[in-house]
Amino acid sequence: MGETKNLSNQEAVEKIKEMTGGGNILMFCCNLGEAPFDATPMSTQRVDDDGSIWFYSTKDSSRNKYVEADSRAQMIYSNSGSSDYMSIYGNATLLYDQKMAEELWTPFAKIWFPEGPTDPNLSLIKFQPREGFYWDTKNGKMVAFAKMMASMVTGKTMDDGVEGKLKP
């Protein structure tokens, strides 16, 4: 059985940065009080030292309307290359901040906002995590897969993963 390691404060923030960095794609879930809730693929723009996660969003999107009505949101990350996963619950805030839009700007964002950081349809979402859970393989996907195959043959669990709660 894998190891359980709950992380809080700065350790939790570091795990969030590790698992969300590099423009990782996630499912941004909002309108959580409804079934089905709204889930949209998004790209992380930046993670602040307090664990806040920044995203670009189009002003006229249903996502913005949902965030405006109810700030509760859930981020679901899956890093298939390493078999790491994370789910974070928190609050999202909609912002129209030209300076921050310029600071976060990447050429990739031009696909959705052709006029650049001054695009009139560009808005920002700042997500502040409250709590979450992560699943992390210690040795990467290939080693984890090999151990799973060995477990099938031997009948013994050989899980080397680490999982735990996050409380930034």
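A salt bridge is taken here as a side-chain nitrogen of Lys or Arg within 4 Å of a carboxyl oxygen of Asp or Glu. In this predicted model, Asp49 forms such a bridge with Lys17, with 2.5 Å between the closest N and O atoms. The pair links distant parts of the chain, 32 residues apart: Asp49 belongs to the loop between strand S5 (46-47) and S6, and Lys17 to helix H1. Asp49 is exposed, with a relative accessible area of 59%, whereas Lys17 is partly exposed at 22%.

A search of the whole structure finds six salt bridges. One of them joins the side chains of Glu18 and Lys15 at 3.4 Å, N to O. Both residues lie in helix H1, three residues apart, about one turn of the helix. Residues three or four places apart in an α-helix point the same way, because the helix has 3.6 residues a turn. Arg72 is partly exposed at 33% relative accessibility, as is Asp70 at 24%. Salt bridges with shared partners also join Lys15, Glu18 and Asp136 into one network.

Helix H1 spans residues 9-20 and reaches 17 Å from its first C-alpha to its last, close to the expected 16 Å. Its buried residues are Ala12, Val13, Lys15, Ile16, Met19 and Thr20. These cover an arc of only 160° around the axis and therefore lie on the same side of H1.

At the surface, Phe108, Ile111 and Trp112 form a nonpolar patch with about 380 Å² of accessible area together. Ile111 is located in the loop between helix H3 (98-104) and strand S9 (122-137) and counts as exposed at 57% relative accessibility. Leu7, in strand S2, is by contrast buried at 7%. Leu7 and Lys165 are 158 residues apart in sequence, yet their C-alpha atoms are 6.1 Å apart in space.

Definitions and conventions:
Residues are numbered from 1 along each chain as its sequence is written. This is a predicted model: local features need pLDDT of at least 70, side-chain atom pairs count only at pLDDT 80 or more; totals for chains, interfaces and linings use all residues. Side-chain values use heavy atoms; hydrogens and water are left out. Helices (H or I, at least four residues) and strands (E, at least two) are DSSP runs, numbered from the N terminus. The expected span of a helix is 1.5 Å times one less than its number of residues. Buried means under 20% relative accessible area, exposed over 50%, partly exposed in between (1.4 Å probe, protein chains only). The arc is that of the directions from the helix axis to the C-beta atoms. Patches are made of residues with over 30% relative accessible area and no salt bridge: like charges are joined within 9 Å, nonpolar side chains (Val, Leu, Ile, Met, Phe, Trp, Tyr) within 5 Å. Accessible areas come from the Shrake-Rupley method with a 1.4 Å probe; for residues, only the protein chains shown count as cover.
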